[in-house]
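Reader: I would like to learn how to read aromatic pairs and helix packing. Please show me with an example.

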Amino acid sequence: MPKQPRRITLRDIAEETGLSAAAVSYALRGLQVPPETQRRVREVADRLGYQADPIARALASGRTGYVGVLCGSLADVWQQDLAAALGRRFLGVGRHALIVDASNDPELEATLASQLADQRVDALIVLPVDPAAAHWKEVARRTVLTSIGDGLPGAATAAEVVFDNEAGVTDAFHRLVDCGHRRIAVMTPSRPTTPDRPAEVVAHRVARSLGLDVTLHPSPHDLDGATAVARTVLGSANPPTAFLCLADSMAYGVYAGARELGLDVPDDVSVMGFDDHPLSRLLTPPLSSYRWPADLLVDLVVKRTVKAIDENRLSRRKVLPPAAKPRGSVAPPRNARGR
């Protein structure tokens, strides 16, 4: 067996530079020594091939340099893009993102959140499956906790960057009503065990105020799963004339399900999404949806999370408004056109 090369330590750099190990440690961190000494120490460290021991650094500082990103479902193309953007942005501020997938399962979400806290991540950013779950209170006690999309009412979060679901759902229903739709299906990531997500609560309330026949249908984000849900709903005895999908990934399933049943979008059924993924503009017809300020979202989340880690400072909740992107997937129902 070949021998492993010996790991270069702070003592090796100290012997090379004539400094103490403590002075070398300060120099490598840019603390308490002149800039010229810092440059000299870094040059020696690079020449010797020194690499900081992450375990020792974590023990000394109480920080690991890792941030957990717990996604509700990475089958959702919008969450995929957001997770990747967060990873890139955190890397730019000297931190690494551990991206994990709860697969839209509240029990798995609780397990993964606890495991990430056990790994001493400096912070946990979550796109929650179940915002009202009891475990968030304990997670917030163990690490910096930032929520995206929905707030966590039972937890002392460091930051919350949430969506104005009230504005988005209300606007969508009014647009569909203006086109003549009264029977609307809402496809949602909620499960029977998580019925109180803000967007779904708003959907029920606005439907009552407008006198609409609105039904909620739990759906996975993946194409096959969403297609199966849409096919069942469209094949029912009294199918809806329009769908509001609380993720564009689910709307893709409505397109596919309608096509399998020989139905046309929008002549037979109108479809609206909720996060305006770039792929949605490639559909035929392009999907009407709502765009959330993704760049601003990532910027706010990273800055507020880093501030909580480095300065122990909490941030006020930030609510992001949607921008409607009406396209060709919405039209009056056939009976409203006199057919």
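Predicted model: local features only at pLDDT ≥ 70, side-chain atom pairs only at ≥ 80, totals over all residues.

Reader: How is a pair of aromatic rings described?

Author: Two values are used, the distance of the centres and the angle of the planes. This structure holds four aromatic pairs. In one of them, Trp 78 and Phe 163 are 5.8 Å apart centre to centre, with 75° between the planes. Planes over 60 degrees apart count as edge-to-face, so the pair of Trp 78 and Phe 163 is edge-to-face.

Reader: Which parts does the pair of Trp 78 and Phe 163 tie together?

Author: Trp 78 is in helix α5 and Phe 163 is in strand β5, so the pair joins parts 85 residues apart in sequence.

Reader: Are Trp 78 and Phe 163 buried or exposed?

Author: Both are buried. Another edge-to-face pair is Phe 274 with Trp 292, at 5.6 Å centre to centre and 65° between the planes. Phe 274 lies in the loop between β9 and β10, and Trp 292 in the loop between β10 and α12. Phe 274 and Trp 292 are also buried. Together with Tyr 290, these two pairs form one aromatic cluster.

Reader: At what angle do α5 and α12 pack?

Author: The angle is about 45°, and the axes are 10 Å apart. That angle makes α5 oblique to α12. Their crossing is right-handed. Among the contact residues are Trp 78, Leu 82 and Arg 89 of α5, and Asp 295, Val 298 and Thr 305 of α12.

Reader: How do the residues of this contact divide?

Author: There are 10 nonpolar, one polar and three charged residues.

Terms used
Residues numbered from 1 in each chain as written. Heavy atoms only, no water. Phe/Tyr/Trp six-rings, centres within 6.5 Å; stacked < 30°, edge-to-face > 60°. Helix = DSSP H or I, 4+ residues; strand = E, 2+ residues; numbered from the N terminus. Buried < 20%, exposed > 50% of the residue type's maximum accessible area, 1.4 Å probe, protein only. Axes fitted to C-alpha atoms, helices over the stretch in contact; angles between N-to-C directions. Parallel < 35°, antiparallel > 145°, perpendicular 65-115°, else oblique. Left-handed = near helix turned anticlockwise from the far one by under 90°. Contact = heavy atoms within 4.5 Å. Nonpolar A, V, L, I, M, F, W, Y, C, P; charged D, E, K, R; others polar.
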